[in-house]
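Here are my notes on the model, as numbered points. Please read them with the structure open.

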Amino acid sequence: MSGEAWQESDQIRPATVHRAYGRGAAGFDAFVATLPGYRTHLRVSASRMGLGDGHGLRLLDVGCGTGVSTEALLTSVGGAEVVAVDASAEMLAVARKKNWSPRVTFVHSRLETLAEAGIEGPFDGILASFLVSNLPDAEHGLRRLLSLLAPGAPLAVHDYAVGGRSRMRWTTANWTWMLPMASLRWGAADLARYRARRIATAGGPEQMVHRMERAGFDDVRVQTVGGVQQHLVHTFLGRRPDEPDVVGERQERRARRSAIAAAGWRPLRDEPAPAPEDTTEPVDEGGPEDPGYAETLPEQVLEDDGVEVGEGDADVAADPAPSGAADDPAPTEDDDPDTRPRGHAVARALRYGLPDPRPEPPGPGAAEPGPGAAEPEPGVTGSDSGAAGPDRGAAEPGPAGPGATGPRRPAPGPRPRRPVGLRRPGPPRPRPGDAPPPAGDDEPPTPPTGTRRV
């Protein structure tokens with residue numbers, strides 16, 4: 001990225017990022033329509049909260065934007081009352097133009113000023129889509145979300161989290177697809193560059209899990225999504241503990257410690273206490289099919305939205321099976337590549353994805369060797385009989401006997417190995433100092449007729 005581009009994206013700050021979203025509100029829906037599985041993944045994250053039938057539930061969609069996440073929440077948890085909140089008035093203006101159920105209420109407010117806007121808990125569930133990565137202090141924002149939940153109620157954080165090998169995939173996806181589409185469809189290239197850099201430096205799924213645990217959430221889980229965004233987009237689930245006054249007790253303990261510290265009392269310590277370390281051990285990440293808190297994922301949330309490539313890591317889509325493939329005869333053992341002879345060249349080909357060096361078996365119309373074709377001698381294998389071994393590619397024609405009609409083929413099956421310590425059949429090898437072995441016949445050979453014996 002050029003210095004001018006970095007300077008342009010540096011103008012956006014976490015405290016003012018909602019203004020950048022407002023400038024691109026008109027093209028936001030056109031931009032997300034180009035992202036594979038965007039709507040499907042939101043429905044999956046909402047279903048993973050395991051709320052089931054939503055009648056009588058009160059849900060919060062914080063960071064609703066133009067209402068794409070609100071639509072996913074209504075589809076996954078039908079019949080619930082939804083309060084949709086966003087800090088951008090322009091994004092909410094686009095959302096309000098759509099056809100909504102009377103159970104949906106849109107509120108213009110930031111997360112820090114929800115109480116001033118009249119939004120108070122408890123909520124039976126909260127969906128935060130692409131919000132936590134935009135907050136100035138993610139852990140502080142998670143504590144506010146915890147205070148809005150009812151005891152035992154779930155929070156679903158649907159957001160990007162890249163770390164390790166996925167960071168390279170994130171960079172590639174931004175330069176090859178997301179940034180060009182943001183410039184063409186969204187009209188907010190500076191915001192897309194800011195998001196790309198911020199997410200790349202925010203840490204992987206482990207950091208988000210530990211932030212939620214430090215904020216007070218219980219039973220924290222993480223699952224990825226399917227398609228080309230696997231291991232880039234995740235669902236982070238957490239519950240508020242069942243104790244009804246867990247937040248109040250934590251605040252009371254903090255106030256008590258502050259009062260003791262203000263009185264000047266300090267505990268006696270022989271050694272300074274070690275500084276707390278940020279634990280970043282790898283976490284067990286669930287796959288795209290993991291339902292989270294739900295027993296199963298409903299079929300309606302997995303419906304294709306027209307852009308999804310497929311479940312699982314579908315960076316390279318498989319070619320469809322040709323028509324009539326089911327009528328083809330089942331492959332025989334000789335046709336199975338796993339049962340054919342292998343060598344070092346075959347092992348290298350299978351490991352690095354190179355073409356298979358082994359000869360292909362003859363088709364049904366190939367000519368078979370005639371009855372007079374030469375057979376390999378007993379005890380002679382592989383290249384000794386004139387046929388190429390598994391390391392040498394295609395078989396070479398050997399010295400054919402009388403009546404041979406085609407090239408010699410290696411015998412099917414694994415290549416036989418000679419036992420260690422045994423030699424092939426033949427005359428014994430002479431040792432140094434030994435006399436040459438006698439000939440099979442003591443008489444000298446009869447000279448040809450017409451020659452004189454010396």
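**Notes on the model**

1. The crossing of α4 and α5 is right-handed (left-handed would mean the near helix is turned anticlockwise from the far one by less than a right angle; right-handed means clockwise). Their axes come within 8 Å and cross at roughly 50°. Axes are lines fitted to C-alpha atoms, for helices over the stretch in contact, and angles run from 0 to 180 degrees between N-to-C directions. α4 and α5 are therefore oblique to each other (under 35 degrees is roughly parallel, over 145 roughly antiparallel, 65 to 115 roughly perpendicular, the rest oblique). Helices (H or I, at least four residues) and strands (E, at least two) are DSSP runs, numbered from the N terminus.

2. Ground rules. This is a predicted model: local features need pLDDT of at least 70, side-chain atom pairs count only at pLDDT 80 or more, and totals for chains, interfaces and linings use all residues. Residues are numbered from 1 along each chain as its sequence is written, and side-chain values use heavy atoms, with hydrogens and water left out.

3. Two further helix pairs. Helix α7 (residues 138–147) packs against α10 (residues 205–215) at about 50°, with the axes 9 Å apart. α7 and α10 are therefore oblique to each other. α7 passes α10 in a right-handed crossing. For α8 and α9 the angle is about 165° and the axes are 9 Å apart. That makes α8 roughly antiparallel to α9. The α8 and α9 crossing is right-handed.

4. The sheet. Seven strands form an open sheet with mixed pairing, in the order β3-β2-β1-β4-β5-β7-β6. Two strands pair if DSSP finds at least two bridges between them. The edge strands, β3 (104–108) and β6 (218–224), each pair on one side only. From one strand to the next, the twist averages 15°. β1 (residues 58–62) and β2 pair in the parallel sense over five bridges. Leu-60 has Val-83 in β2 as its bridge partner.

5. Backbone checks. Which peptide bond is cis? The bond from Gly-121 to Pro-122 is, with omega near 5°. Pro-122 is found in the loop between β3 and β4 (125–129). Phe-130 is not a glycine, yet has a positive phi of about 55°. Phe-130 lies in the loop between β4 and α7.

6. Cavities. There are two cavities of 30 Å³ or more. On a 1 Å grid over the protein atoms alone, a cavity is a set of points where a 1.4 Å probe fits but cannot get out; lining residues have an atom within 4 Å of a point. Grid points are joined across faces, edges and corners, and a volume is the space filled by probe spheres set on the points. The largest cavity has a volume of about 660 Å³.

7. Its lining. The largest cavity is lined by 41 residues, and Tyr-21, Ser-129, Phe-130, Leu-131 and Asn-134 lie nearest its centre. Elements giving two or more residues include α2 (17–23), α3 (28–32), β2 (81–86) and α9 (189–201). The largest share, five residues, comes from α8. The lining divides into 27 nonpolar, 10 polar and four charged residues (Ala, Val, Leu, Ile, Met, Phe, Trp, Tyr, Cys and Pro count as nonpolar, Asp, Glu, Lys and Arg as charged, and the others, Gly among them, as polar).

Methods
1 Å grid on protein atoms, 1.4 Å probe; cavity = no way out; pocket = protein on both sides within 12 Å on 5 of 7 lines; lining within 4 Å.
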